[in-house]
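Visitor: Please show me the model, and let us then discuss it by question and answer.

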Amino acid sequence: MKRSSHVVLTSHSNQVYKDYPKINWGAKSAEERGPIIGSLTDTNMRNAIGTHSGSYTVYRALSIAAGDYSPEHKPDLENTEGTWNIKPQESWFDPEKIVSIDPWGVDVNLHFKKSLEAGMDIRPTIAITQAHLQIPEIYTAVEEGRIKPDGKIVTKAGDIKITKVAFEPVWYLPGIAKRLNLEEGELRKILFQETGGMFPELVTRPDLHVLLPPIGSVTAYIFGDPEKLSDPKTELSCRVHDECNGSDVFGSDICTCRPYLTYGIEHAAKTAQAGGVGLVVYYRKEGRALGEVTKFLVYNARKRQEGGDSAKNYFYRTECVAGVEDARFQELMPDPLHFLGVKKIHNLHSMSNMKYDSIVKSGIEVVNRISIPKELIPADAQVEIEAKKAAGYFTDGDVKDDGELQEVQGRKLEE
Ligand SMILES: [Zn+2]
(Lines give C-alpha, C1' and ligand atoms only; values in the text may rest on other atoms or scores of the structure.)
Protein backbone atom coordinates (compact mmCIF):
# COMPACT_ATOMS: atom_id res chain seq x y z
CA MET A 1 0.00 0.00 0.00
CA LYS A 2 1.45 3.36 -1.03
CA ARG A 3 1.35 5.89 1.78
CA SER A 4 -0.62 9.02 0.94
CA SER A 5 1.45 12.16 0.71
CA HIS A 6 -1.02 14.46 2.44
CA VAL A 7 -0.59 15.08 6.14
CA VAL A 8 -2.93 13.09 8.37
CA LEU A 9 -3.34 14.50 11.85
CA THR A 10 -3.13 11.58 14.24
CA SER A 11 -5.35 13.42 16.70
CA HIS A 12 -8.34 12.65 14.45
CA SER A 13 -9.19 9.14 15.47
CA ASN A 14 -11.42 8.42 12.48
CA GLN A 15 -8.41 8.80 10.19
CA VAL A 16 -5.94 6.41 11.77
CA TYR A 17 -5.66 3.56 14.26
CA LYS A 18 -8.90 1.84 13.25
CA ASP A 19 -8.35 -1.88 13.67
CA TYR A 20 -5.28 -1.96 15.79
CA PRO A 21 -4.49 -5.01 17.95
CA LYS A 22 -5.03 -4.46 21.67
CA ILE A 23 -2.10 -4.48 24.06
CA ASN A 24 -2.51 -6.33 27.38
CA TRP A 25 0.67 -5.26 29.17
CA GLY A 26 1.99 -8.02 31.43
CA ALA A 27 -0.04 -10.84 29.81
CA LYS A 28 1.26 -14.42 30.04
CA SER A 29 2.17 -14.97 26.40
CA ALA A 30 3.19 -12.95 23.35
CA GLU A 31 -0.09 -13.60 21.55
CA GLU A 32 -2.20 -12.59 24.60
CA ARG A 33 -0.08 -9.50 25.19
CA GLY A 34 -0.29 -8.50 21.53
CA PRO A 35 2.45 -6.95 19.38
CA ILE A 36 3.48 -3.31 19.68
CA ILE A 37 2.97 -1.77 16.26
CA GLY A 38 4.78 1.50 15.83
CA SER A 39 5.74 1.06 12.18
CA LEU A 40 4.26 3.43 9.59
CA THR A 41 3.59 1.15 6.63
CA ASP A 42 -0.03 0.49 7.71
CA THR A 43 -1.35 3.28 9.94
CA ASN A 44 -4.62 1.43 10.65
CA MET A 45 -2.70 -1.18 12.61
CA ARG A 46 -0.64 1.18 14.74
CA ASN A 47 -1.24 0.82 18.49
CA ALA A 48 1.62 2.98 19.79
CA ILE A 49 2.39 6.69 19.82
CA GLY A 50 5.61 7.63 18.01
CA THR A 51 7.71 5.22 16.00
CA HIS A 52 10.67 2.83 16.29
CA SER A 53 14.45 3.34 16.63
CA GLY A 54 14.50 5.72 19.59
CA SER A 55 16.43 8.91 18.80
CA TYR A 56 17.33 7.55 15.34
CA THR A 57 13.73 7.89 14.23
CA VAL A 58 14.53 11.54 13.44
CA TYR A 59 17.53 10.58 11.27
CA ARG A 60 15.33 8.06 9.47
CA ALA A 61 12.87 10.85 8.67
CA LEU A 62 15.75 12.98 7.40
CA SER A 63 17.00 10.18 5.20
CA ILE A 64 13.50 9.71 3.77
CA ALA A 65 13.26 13.47 3.20
CA ALA A 66 16.56 13.36 1.30
CA GLY A 67 15.10 10.64 -0.93
CA ASP A 68 17.63 8.00 0.08
CA TYR A 69 15.33 5.74 2.03
CA SER A 70 12.01 4.18 1.05
CA PRO A 71 9.32 4.82 3.66
CA GLU A 72 7.63 1.59 2.53
CA HIS A 73 10.59 -0.60 3.43
CA LYS A 74 9.73 -3.55 5.70
CA PRO A 75 12.66 -5.35 7.34
CA ASP A 76 13.52 -8.90 6.30
CA LEU A 77 14.06 -10.55 9.69
CA GLU A 78 15.35 -13.90 8.48
CA ASN A 79 18.33 -15.10 10.60
CA THR A 80 18.15 -12.06 12.91
CA GLU A 81 17.18 -14.12 16.01
CA GLY A 82 19.32 -13.62 19.08
CA THR A 83 22.50 -15.64 19.68
CA TRP A 84 21.02 -16.40 23.08
CA ASN A 85 17.42 -17.56 23.13
CA ILE A 86 16.19 -15.88 26.33
CA LYS A 87 13.26 -17.66 27.93
CA PRO A 88 10.32 -15.56 29.19
CA GLN A 89 10.97 -14.57 32.83
CA GLU A 90 8.41 -14.19 35.65
CA SER A 91 9.04 -10.43 35.54
CA TRP A 92 7.71 -10.26 31.97
CA PHE A 93 4.25 -11.16 33.31
CA ASP A 94 4.16 -8.43 35.95
CA PRO A 95 2.71 -5.24 34.41
CA GLU A 96 4.64 -3.10 36.93
CA LYS A 97 8.07 -4.79 36.91
CA ILE A 98 8.97 -3.70 33.37
CA VAL A 99 7.44 -0.50 31.98
CA SER A 100 10.09 1.20 29.82
CA ILE A 101 11.05 -1.63 27.44
CA ASP A 102 9.01 -4.34 25.71
CA PRO A 103 10.10 -7.85 26.79
CA TRP A 104 8.27 -9.33 23.78
CA GLY A 105 10.18 -6.98 21.48
CA VAL A 106 12.95 -9.61 21.32
CA ASP A 107 12.86 -12.17 18.48
CA VAL A 108 9.50 -10.94 17.20
CA ASN A 109 9.85 -13.28 14.22
CA LEU A 110 9.50 -16.18 16.70
CA HIS A 111 7.06 -14.68 19.24
CA PHE A 112 4.70 -13.12 16.68
CA LYS A 113 5.21 -15.52 13.80
CA LYS A 114 1.47 -15.80 13.00
CA SER A 115 0.82 -12.06 13.09
CA LEU A 116 3.83 -11.38 10.90
CA GLU A 117 2.64 -14.02 8.43
CA ALA A 118 -0.76 -12.32 8.45
CA GLY A 119 1.00 -9.20 7.19
CA MET A 120 1.45 -7.12 10.34
CA ASP A 121 4.58 -4.94 10.27
CA ILE A 122 6.01 -5.76 13.71
CA ARG A 123 9.49 -4.42 14.45
CA PRO A 124 11.93 -5.75 17.04
CA THR A 125 12.88 -3.39 19.89
CA ILE A 126 15.41 -5.74 21.50
CA ALA A 127 18.30 -7.57 19.79
CA ILE A 128 20.89 -10.02 21.13
CA THR A 129 24.29 -10.79 19.63
CA GLN A 130 27.88 -11.74 20.54
CA ALA A 131 31.14 -9.79 20.52
CA HIS A 132 34.79 -9.85 21.56
CA LEU A 133 35.88 -6.81 23.58
CA GLN A 134 39.38 -5.42 23.03
CA ILE A 135 40.01 -3.01 25.89
CA PRO A 136 43.44 -1.51 26.74
CA GLU A 137 42.76 -1.58 30.51
CA ILE A 138 41.95 -5.30 30.29
CA TYR A 139 45.19 -6.01 28.39
CA THR A 140 47.01 -4.23 31.25
CA ALA A 141 45.09 -6.34 33.78
CA VAL A 142 46.28 -9.47 31.92
CA GLU A 143 49.89 -8.20 31.82
CA GLU A 144 49.81 -7.43 35.53
CA GLY A 145 48.35 -10.84 36.29
CA ARG A 146 44.99 -9.62 37.65
CA ILE A 147 43.18 -11.52 34.89
CA LYS A 148 44.33 -14.88 33.55
CA PRO A 149 43.30 -15.85 30.01
CA ASP A 150 41.24 -19.05 30.16
CA GLY A 151 40.36 -19.36 26.47
CA LYS A 152 36.68 -19.38 27.45
CA ILE A 153 35.80 -15.95 28.86
CA VAL A 154 39.14 -14.25 28.18
CA THR A 155 41.12 -15.29 25.09
CA LYS A 156 44.90 -15.77 25.01
CA ALA A 157 45.21 -12.29 23.48
CA GLY A 158 43.23 -10.76 26.38
CA ASP A 159 39.96 -10.23 24.48
CA ILE A 160 36.75 -10.81 26.44
CA LYS A 161 33.93 -12.84 24.89
CA ILE A 162 30.50 -11.46 25.70
CA THR A 163 26.83 -11.53 24.78
CA LYS A 164 25.24 -8.12 24.28
CA VAL A 165 21.63 -6.99 24.28
CA ALA A 166 20.39 -3.72 22.76
CA PHE A 167 17.12 -2.18 23.97
CA GLU A 168 15.05 0.56 22.37
CA PRO A 169 12.69 2.45 24.66
CA VAL A 170 9.04 1.32 24.76
CA TRP A 171 7.09 3.17 27.42
CA TYR A 172 3.90 1.74 28.88
CA LEU A 173 2.49 5.05 30.09
CA PRO A 174 0.23 3.81 32.94
CA GLY A 175 3.24 1.94 34.37
CA ILE A 176 5.64 4.88 33.91
CA ALA A 177 3.16 7.19 35.67
CA LYS A 178 2.82 4.76 38.56
CA ARG A 179 6.62 4.41 38.86
CA LEU A 180 6.94 8.21 39.14
CA ASN A 181 3.95 8.54 41.45
CA LEU A 182 1.95 10.61 38.96
CA GLU A 183 -1.50 10.52 37.43
CA GLU A 184 -1.22 9.15 33.89
CA GLY A 185 -3.09 12.17 32.50
CA GLU A 186 -0.68 14.56 34.16
CA LEU A 187 2.32 12.65 32.80
CA ARG A 188 0.88 12.67 29.27
CA LYS A 189 0.13 16.39 29.42
CA ILE A 190 3.64 17.32 30.59
CA LEU A 191 5.33 15.01 28.05
CA PHE A 192 3.28 16.73 25.33
CA GLN A 193 3.89 20.27 26.54
CA GLU A 194 7.58 19.97 27.39
CA THR A 195 8.49 18.43 24.02
CA GLY A 196 6.94 21.42 22.27
CA GLY A 197 3.81 19.44 21.38
CA MET A 198 5.65 16.59 19.68
CA PHE A 199 3.00 13.86 20.04
CA PRO A 200 -0.62 15.16 20.08
CA GLU A 201 -1.95 11.63 20.74
CA LEU A 202 -0.52 11.89 24.25
CA VAL A 203 -3.44 14.17 25.02
CA THR A 204 -6.02 13.24 22.37
CA ARG A 205 -5.82 9.43 22.41
CA PRO A 206 -6.10 8.09 25.95
CA ASP A 207 -6.89 4.66 24.43
CA LEU A 208 -3.26 4.37 23.24
CA HIS A 209 -1.08 3.43 26.20
CA VAL A 210 2.33 2.86 24.62
CA LEU A 211 4.79 5.60 23.63
CA LEU A 212 7.96 4.98 21.60
CA PRO A 213 9.93 8.01 22.76
CA PRO A 214 12.71 9.44 20.56
CA ILE A 215 15.39 9.00 23.21
CA GLY A 216 18.66 7.07 23.59
CA SER A 217 18.83 3.32 24.05
CA VAL A 218 20.32 0.89 26.58
CA THR A 219 22.86 -1.90 26.03
CA ALA A 220 23.59 -4.83 28.35
CA TYR A 221 26.95 -6.64 28.17
CA ILE A 222 26.88 -10.14 29.64
CA PHE A 223 30.04 -11.96 30.78
CA GLY A 224 29.71 -15.74 31.03
CA ASP A 225 26.55 -17.83 30.64
CA PRO A 226 23.52 -15.48 30.27
CA GLU A 227 21.20 -18.20 31.65
CA LYS A 228 22.87 -17.76 35.04
CA LEU A 229 21.65 -14.15 35.34
CA SER A 230 18.28 -15.36 36.60
CA ASP A 231 19.75 -17.76 39.17
CA PRO A 232 20.09 -15.91 42.49
CA LYS A 233 22.53 -18.57 43.71
CA THR A 234 25.07 -17.69 41.02
CA GLU A 235 27.39 -14.81 41.97
CA LEU A 236 26.60 -11.74 39.87
CA SER A 237 28.86 -8.68 39.51
CA CYS A 238 27.04 -5.78 37.90
CA ARG A 239 27.83 -2.22 36.86
CA VAL A 240 24.93 0.08 35.89
CA HIS A 241 26.62 2.88 33.93
CA ASP A 242 25.21 6.14 32.59
CA GLU A 243 26.87 7.32 29.40
CA CYS A 244 29.75 9.79 29.61
CA ASN A 245 31.13 10.01 26.10
CA GLY A 246 34.02 12.34 27.02
CA SER A 247 35.46 9.91 29.55
CA ASP A 248 34.11 6.54 28.33
CA VAL A 249 35.39 6.93 24.76
CA PHE A 250 37.88 9.80 24.75
CA GLY A 251 39.52 9.35 28.17
CA SER A 252 38.82 12.89 29.41
CA ASP A 253 40.13 13.06 33.00
CA ILE A 254 37.61 15.33 34.74
CA CYS A 255 35.49 12.42 35.96
CA THR A 256 35.75 8.77 36.99
CA CYS A 257 33.41 7.29 34.39
CA ARG A 258 35.80 5.29 32.20
CA PRO A 259 38.01 3.95 35.01
CA TYR A 260 34.90 2.88 36.98
CA LEU A 261 33.45 1.28 33.83
CA THR A 262 36.61 -0.67 32.96
CA TYR A 263 36.99 -1.71 36.61
CA GLY A 264 33.40 -3.01 36.42
CA ILE A 265 34.25 -4.89 33.20
CA GLU A 266 37.34 -6.44 34.81
CA HIS A 267 35.32 -7.61 37.82
CA ALA A 268 32.49 -8.87 35.59
CA ALA A 269 34.96 -10.96 33.56
CA LYS A 270 36.66 -12.31 36.68
CA THR A 271 33.34 -13.25 38.27
CA ALA A 272 32.39 -15.13 35.10
CA GLN A 273 35.75 -16.94 35.11
CA ALA A 274 35.08 -18.06 38.68
CA GLY A 275 31.77 -19.67 37.63
CA GLY A 276 29.56 -16.64 38.25
CA VAL A 277 28.22 -14.15 35.75
CA GLY A 278 28.99 -10.50 34.96
CA LEU A 279 26.74 -7.74 33.67
CA VAL A 280 27.42 -4.17 32.57
CA VAL A 281 24.40 -2.14 31.55
CA TYR A 282 25.07 1.06 29.62
CA TYR A 283 22.40 3.76 29.55
CA ARG A 284 22.52 6.53 26.93
CA LYS A 285 21.90 9.32 29.43
CA GLU A 286 24.77 11.71 28.75
CA GLY A 287 25.69 14.29 31.37
CA ARG A 288 23.18 13.19 34.02
CA ALA A 289 20.58 13.23 31.22
CA LEU A 290 21.21 16.95 30.71
CA GLY A 291 23.39 16.53 27.61
CA GLU A 292 26.98 17.45 26.74
CA VAL A 293 26.39 21.14 26.03
CA THR A 294 25.14 21.67 29.58
CA LYS A 295 27.95 19.51 30.91
CA PHE A 296 30.71 21.50 29.20
CA LEU A 297 29.15 24.81 30.34
CA VAL A 298 29.21 23.48 33.90
CA TYR A 299 32.90 22.47 33.57
CA ASN A 300 33.77 26.05 32.57
CA ALA A 301 31.64 27.59 35.31
CA ARG A 302 33.23 25.26 37.87
CA LYS A 303 36.77 26.07 36.81
CA ARG A 304 36.23 29.85 36.56
CA GLN A 305 34.39 30.33 39.86
CA GLU A 306 35.95 32.27 42.70
CA GLY A 307 38.16 29.99 44.76
CA GLY A 308 38.60 27.59 41.82
CA ASP A 309 36.98 24.24 41.02
CA SER A 310 36.43 22.77 44.44
CA ALA A 311 34.56 19.70 45.63
CA LYS A 312 32.57 22.01 47.91
CA ASN A 313 30.79 23.71 44.97
CA TYR A 314 30.59 20.72 42.63
CA PHE A 315 26.81 20.18 42.60
CA TYR A 316 26.02 23.86 43.04
CA ARG A 317 27.45 24.85 39.63
CA THR A 318 25.41 22.16 37.83
CA GLU A 319 22.26 23.43 39.46
CA CYS A 320 23.04 27.05 38.45
CA VAL A 321 23.39 26.17 34.78
CA ALA A 322 20.89 23.34 34.40
CA GLY A 323 18.29 24.21 37.03
CA VAL A 324 18.73 20.82 38.65
CA GLU A 325 21.69 18.87 40.03
CA ASP A 326 20.79 15.77 38.15
CA ALA A 327 17.98 15.13 35.63
CA ARG A 328 18.27 11.37 35.74
CA PHE A 329 15.33 9.38 36.97
CA GLN A 330 16.75 6.09 38.06
CA GLU A 331 13.23 4.71 38.57
CA LEU A 332 13.26 3.17 35.06
CA MET A 333 16.87 1.95 35.24
CA PRO A 334 16.18 -1.56 36.67
CA ASP A 335 13.88 -2.58 33.78
CA PRO A 336 16.61 -4.22 31.64
CA LEU A 337 17.77 -6.12 34.77
CA HIS A 338 14.25 -7.53 35.19
CA PHE A 339 14.07 -8.41 31.49
CA LEU A 340 17.20 -10.53 32.03
CA GLY A 341 15.62 -12.18 35.09
CA VAL A 342 18.05 -10.69 37.66
CA LYS A 343 16.86 -11.25 41.26
CA LYS A 344 20.05 -10.80 43.24
CA ILE A 345 23.23 -8.75 42.66
CA HIS A 346 26.16 -9.94 44.77
CA ASN A 347 28.51 -7.10 43.78
CA LEU A 348 26.98 -3.82 42.64
CA HIS A 349 29.43 -1.38 41.07
CA SER A 350 27.81 1.97 41.75
CA MET A 351 28.22 4.63 44.41
CA SER A 352 24.90 6.30 43.54
CA ASN A 353 22.19 5.97 46.16
CA MET A 354 19.56 6.82 43.55
CA LYS A 355 20.59 3.75 41.55
CA TYR A 356 20.91 1.52 44.60
CA ASP A 357 17.53 2.57 46.02
CA SER A 358 15.82 2.08 42.69
CA ILE A 359 17.27 -1.42 42.22
CA VAL A 360 16.34 -2.52 45.74
CA LYS A 361 12.87 -0.95 45.54
CA SER A 362 12.22 -2.88 42.33
CA GLY A 363 12.70 -6.14 44.24
CA ILE A 364 16.33 -7.02 43.45
CA GLU A 365 18.51 -7.93 46.42
CA VAL A 366 21.94 -6.26 46.62
CA VAL A 367 24.64 -7.90 48.76
CA ASN A 368 27.85 -5.81 48.34
CA ARG A 369 28.37 -2.31 46.99
CA ILE A 370 31.72 -1.70 45.33
CA SER A 371 33.13 1.81 45.06
CA ILE A 372 35.88 2.78 42.61
CA PRO A 373 39.36 2.00 43.98
CA LYS A 374 41.34 5.14 44.93
CA GLU A 375 44.23 4.43 42.58
CA LEU A 376 41.89 4.54 39.55
CA ILE A 377 40.66 8.10 40.16
CA PRO A 378 42.29 10.66 37.80
CA ALA A 379 43.76 13.73 39.56
CA ASP A 380 41.24 16.17 38.03
CA ALA A 381 38.35 13.88 39.02
CA GLN A 382 39.09 14.14 42.76
CA VAL A 383 36.66 17.11 42.83
CA GLU A 384 33.79 14.96 41.54
CA ILE A 385 34.44 11.94 43.70
CA GLU A 386 34.95 13.85 46.97
CA ALA A 387 31.84 15.97 46.30
CA LYS A 388 29.77 12.85 45.63
CA LYS A 389 31.02 11.07 48.74
CA ALA A 390 30.26 14.16 50.86
CA ALA A 391 26.78 14.32 49.30
CA GLY A 392 26.05 10.80 50.52
CA TYR A 393 27.17 8.60 47.63
CA PHE A 394 28.25 5.17 48.82
CA THR A 395 31.85 4.76 49.94
CA ASP A 396 33.74 2.48 52.25
CA GLY A 397 36.38 5.21 52.62
CA ASP A 398 36.31 8.47 54.62
CA VAL A 399 34.18 11.53 53.82
CA LYS A 400 35.64 15.07 53.86
CA ASP A 401 34.15 18.03 55.77
CA ASP A 402 33.41 21.46 54.23
CA GLY A 403 36.88 22.86 54.87
CA GLU A 404 38.55 19.81 53.39
CA LEU A 405 36.20 19.89 50.37
CA GLN A 406 37.32 23.45 49.61
CA GLU A 407 40.90 22.11 49.53
CA VAL A 408 40.08 19.51 46.85
CA GLN A 409 40.76 21.54 43.71
CA GLY A 410 40.67 20.71 40.02
CA ARG A 411 42.96 21.90 37.25
CA LYS A 412 42.46 25.50 36.12
CA LEU A 413 41.52 26.41 32.53
CA GLU A 414 44.53 27.25 30.37
CA GLU A 415 44.93 30.85 29.27
ZN1 LIG B 1 32.04 11.27 33.27
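Guide: Contact here means heavy atoms within 4.5 Å. This is a predicted model, in which local features need pLDDT of at least 70 and side-chain atom pairs count only at pLDDT 80 or more, while totals for chains, interfaces and linings use all residues. Residues are numbered from 1 along each chain as its sequence is written, and side-chain values use heavy atoms, with hydrogens and water left out.

Visitor: Which residues does Thr294 touch, not counting residues up to four places away in sequence?

Guide: Thr294 belongs to helix α12, residues 292-304; helices are DSSP runs of H or I with at least four residues, strands are runs of E with at least two, and both are numbered from the N terminus. With a relative accessible area of 18%, Thr294 is buried, a term for values under 20%, with exposed over 50% and partly exposed in between (1.4 Å probe, protein chains only). Leaving out residues up to four places away in sequence, Thr294 touches Val321 and Ala322.

Visitor: What are the protein donors of the zinc ion?

Guide: Donors are N, O and S atoms within 2.8 Å of the metal (3.2 Å for Na, K and Ca); water is not among the atoms, so sites may look incomplete. Along the chain, the donors of the zinc ion follow the spacing C-x10-C-x1-C. Cys255 is buried at 6% relative accessibility, and Cys257 is buried at 16%. The protein donors, lying 2.2 Å from the zinc ion, are Cys244 (SG), Cys255 (SG) and Cys257 (SG).

Visitor: Which elements do the buried residues of α15 pack against?

Guide: In helix α15 (residues 353-361), the buried residues are Lys355, Ser358 and Ile359. They lie on the same side of α15 because they cover an arc of only 100° around the axis, the arc being that of the directions from the helix axis to the C-beta atoms. The buried residues of α15 pack against β7, α14, β9 and β10 (365-370).
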